[in-house]
Amino acid sequence: FAEENGKNTFCVIWIGDDFESSLLSFEKLDRASPDLWPEQLPGVAEFAASCKNPITNSPPKWMAELESEDIEMLKELGSLTTANLMEKVKGLQNLAYQLGLEESREMTRGKFLNILERPKK
């Protein structure tokens, strides 16, 4: 690396017939310093440490709160192909849209009937 006329110039010295071996660096990097090598994603080290714990027979916390119907639904959704799962998602989106329309009609109806009027103080 040299500077010539205000421009940086790179010089590659090729020794021998093996270009790859000329690229090898024998520099030793000390990875013990957290300042030089900070954790790239905060919390990953703690998560990895928690995963190294021996496996127990107890279910995970999130699964303990599920009922048998919920577990059956998870198994059913897990067995669907990608196309079938996308179809299921589209059906849920359509259902949510229809419920939104129905709620909007009911809110408008309640407004016209003065059901939602606040009591006067």
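The structure holds 1 salt bridge. The model is predicted, and the chain's secondary structure comes to 5 helices and 2 strands. Of the 121 residues in the chain, 1% are buried.

**Salt bridge**
- The partners are R109 and E106, whose side chains meet at 3.5 Å, taken from N to O.
- Both R109 and E106 belong to helix α5, where they sit 3 residues apart, about one turn of the helix.
- R109 has a relative accessible area of 51% and is therefore exposed, since exposed residues are those over 50%.
- E106 has a relative accessible area of 43%, so this residue counts as partly exposed.
- In general, side chains of opposite charge can pair when their charged atoms come close.

**Fold and surface**
- Read from the N terminus, the order of elements is β-β-α-α-α-α-α.
- The chain has an accessible surface of about 12500 Å².
- Carbon and sulfur atoms account for 58% of that accessible surface.
- Buried residues, at 1% of the chain, are those with under 20% relative accessible area.

**Nonpolar patch**
- M107, L113, I115 and L116 make a nonpolar surface patch.
- The area of this patch is about 420 Å².
- One of its members, L113, is placed in the segment after α5, the helix that spans 82-112.

Terms used
Residues are numbered from 1 along each chain as its sequence is written. This is a predicted model: local features need pLDDT of at least 70, side-chain atom pairs count only at pLDDT 80 or more; totals for chains, interfaces and linings use all residues. Side-chain values use heavy atoms; hydrogens and water are left out. Patches are made of residues with over 30% relative accessible area and no salt bridge: like charges are joined within 9 Å, nonpolar side chains (Val, Leu, Ile, Met, Phe, Trp, Tyr) within 5 Å. Accessible areas come from the Shrake-Rupley method with a 1.4 Å probe; for residues, only the protein chains shown count as cover. A salt bridge is a side-chain nitrogen of Lys or Arg within 4 Å of a carboxyl oxygen of Asp or Glu. Helices (H or I, at least four residues) and strands (E, at least two) are DSSP runs, numbered from the N terminus. Buried means under 20% relative accessible area, exposed over 50%, partly exposed in between (1.4 Å probe, protein chains only).
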